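I opened a notebook on a structure that was new to me. The entries below follow the order in which I looked things up.

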Amino acid sequence: MKKEAASFTSTRNACKLCAPLGASVAWYGIEGCVPLIHGSQGCSTYIRRYCISHFREPMDVASSNFTESSAIFGGEKNLRAAIENVARQYAPVSIGVATTCLTETIGDDVARYVSEYERDRLASGGGGPVVFHASTPSYRGTHMDGFHAAVLAAVRRLAVRKPDDASRPAGADRQTGAGRVNLFPGFVSSEDLRELREILDSFGLSYAMIPDYSETLDGESWETFRKLPGGGTPVAAVASAGSAAASLCLYSDSFGDAEAASFLSGEFGVPARYVGMPIGVRNTDALFAALGVASGSAMPAKWGAARGRLVDAYIDGHKYCFGKRAVVYGEEDFVLALASFLDEIGVVPALAVTGAKSPRFAERLREATPNCRVEPFVSDDADFATALERARELDIDLVVGNSKGYYVARNLGVPLVRCGFPVHDRMGGQRILHLGYRGTLSLFDKVCNALMEDRQASAKSGYTYI
Ligand code: SF4
């Protein structure tokens, strides 16, 4: 596997998004939570604009509204005022405070501000929202780091051990395979979250999916305005995460102790299983196997049929995609899952790009693409300008990823299969189904159709049968 050497010290069109953006999306998946960005208004405006153009839903993101003086003297007063304003105006169950590049750079001690605020609130009689805090400087990570930091902050603040747990050794009844599970889906689409719920429900499992923004960020139209959308993981469900039989994570273990399942494992003895993102037959089989163990039940027949239809489609569409070469990009776990899927259908992921810094990205990509007969180029901590330069040399047929890669596809003159986040130049980004057998089938159709459409459009004669 060839590893891209860094040749630029500046970033040109980053292949990642801002960390508090990921935190805001995650907190929208906790019932009654309002994200509050501790920094200047521009940060929260950017996050709102970016998320609304993808989810097409109202998304309030509060700001502590930094000015020049708060940047010099610190933002404690601003943060207190912001928390009190949000509590008064929205009456939320919780407020998630995410820091920004500015507040991290000046060294604001936000953990202390929050704990002193909560202490004072308790001293004056309690009540009001619970406040989470996540440290999310964008210069240190991506939106995925922000997303996991936010989920961790909520779980760390709310999860409790069952009262009778104290008398049992950690993990004593957790090896039986029975019992409630925590499902940590990672940053996926609203449609994916609904699909996951259907899958887990079909196994008869009791579970807490953390977070769940399937309704808050893709809900119904309202007769009257609501300050906060309905839906989200109930606070009681997050609280129960500490007494679950296991945590299933639809991402890799590359976040270490910076994500919630690892915390629950260390603090409460809840075993964590990192299944990866279930895209493709191989990866989805791994999820269903894990659910079989967790529930003690066989895979329901409807998923066997869905798997069969997917394999049948692979056979039918093989001639359209075999041997094609793709650029795939986005967050690390998503790229690994897409590369694995492309590898299954005979498409070579010739260039795999992520904006995250990940020393194990190349190794993981190799493991995810066992059928690949050419060495893909892999590039972590990368930007789209570098991706385009490299892609020009690789005889690419297809680009797969979010809307930010449009100009790569346009410059290469090849189709773009839009998926992931953000999709803000098409309708329905929040409703793209990526996961499971049905999501993979939908992606497979998209890949084949993009290649067929391109072939049809570039043919001299307008034929209709391909
Ligand atoms: S300044 Fe930092 S936190 Fe604010 S929008 Fe830009 S990258 Fe995000």
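I began with R431, which is partly exposed, its relative accessible area being 40%. I kept in mind that the model is predicted.

I looked for a charged partner and found D218, in a salt bridge with R431 whose closest N and O atoms are 3.6 Å apart. R431 sits in the loop between β14 (416-418) and α17 (436-458), and D218 in the loop between β7 (207-209) and α9 (235-239), so this pair ties together parts that are 213 residues apart in sequence. D218 has 10% relative accessibility and therefore counts as buried, the cut-off being under 20%. I noted that R431 is partly exposed, whereas D218 is buried.

I looked up the total next, and the count for the model comes to 22 salt bridges. As background, I wrote down that side chains of opposite charge can pair when their charged atoms come close.

**Salt bridges of R112**

I turned to R112, which forms a salt bridge with E116, with 3.1 Å between the closest N and O atoms. Both residues lie in helix α6 (residues 110-123), four residues apart, about one turn of the helix.

**E195**

I checked E195, which lies in helix α8 (residues 190-202). E195 is buried, with a relative accessible area of 6%. Leaving aside neighbours within four places in sequence, I found E195 in contact with W303, L433, L435 and R438.

I moved to strand β5 (residues 130-134), where F132 is found. F132 has a relative accessible area of 1% and is buried.

W27 came next. Leaving aside neighbours within four places, its contacts include F132, C33, P35 and A150.

Which residues have the most contacts inside the largest nonpolar core? They are V25, W27, V155 and F184, in a core of 110 residues. Helix α7 (residues 143-158) gives the largest share of this core, ten residues. Apart from it lies another core, of 21 residues, among them Y329, A382, A391 and V408. I noted that in soluble globular proteins, nonpolar side chains tend to be buried together.

**One side of α14**

In helix α14 (residues 361-368), I found F361, A362, R364, L365 and A368 buried. They cover an arc of only 165° around the axis, which puts them on the same side of α14.

**Around the ligand**

Last, I listed the residues around the ligand: C18, P20, C43, Y46, T100, C101 and S138. Five residues of this shell are nonpolar, two are polar and none is charged.

Notes
Residues are numbered from 1 along each chain as its sequence is written. This is a predicted model: local features need pLDDT of at least 70, side-chain atom pairs count only at pLDDT 80 or more; totals for chains, interfaces and linings use all residues. Side-chain values use heavy atoms; hydrogens and water are left out. A salt bridge is a side-chain nitrogen of Lys or Arg within 4 Å of a carboxyl oxygen of Asp or Glu. Helices (H or I, at least four residues) and strands (E, at least two) are DSSP runs, numbered from the N terminus. Buried means under 20% relative accessible area, exposed over 50%, partly exposed in between (1.4 Å probe, protein chains only). Contact means heavy atoms within 4.5 Å. The arc is that of the directions from the helix axis to the C-beta atoms. A residue is near a molecule or strand if one of its heavy atoms lies within 4 Å of it. Ala, Val, Leu, Ile, Met, Phe, Trp, Tyr, Cys and Pro count as nonpolar, Asp, Glu, Lys and Arg as charged, and the others, Gly among them, as polar. A nonpolar core is a set of buried Ala, Val, Leu, Ile, Met, Phe, Trp, Tyr and Cys residues joined through side-chain atoms within 4.5 Å.
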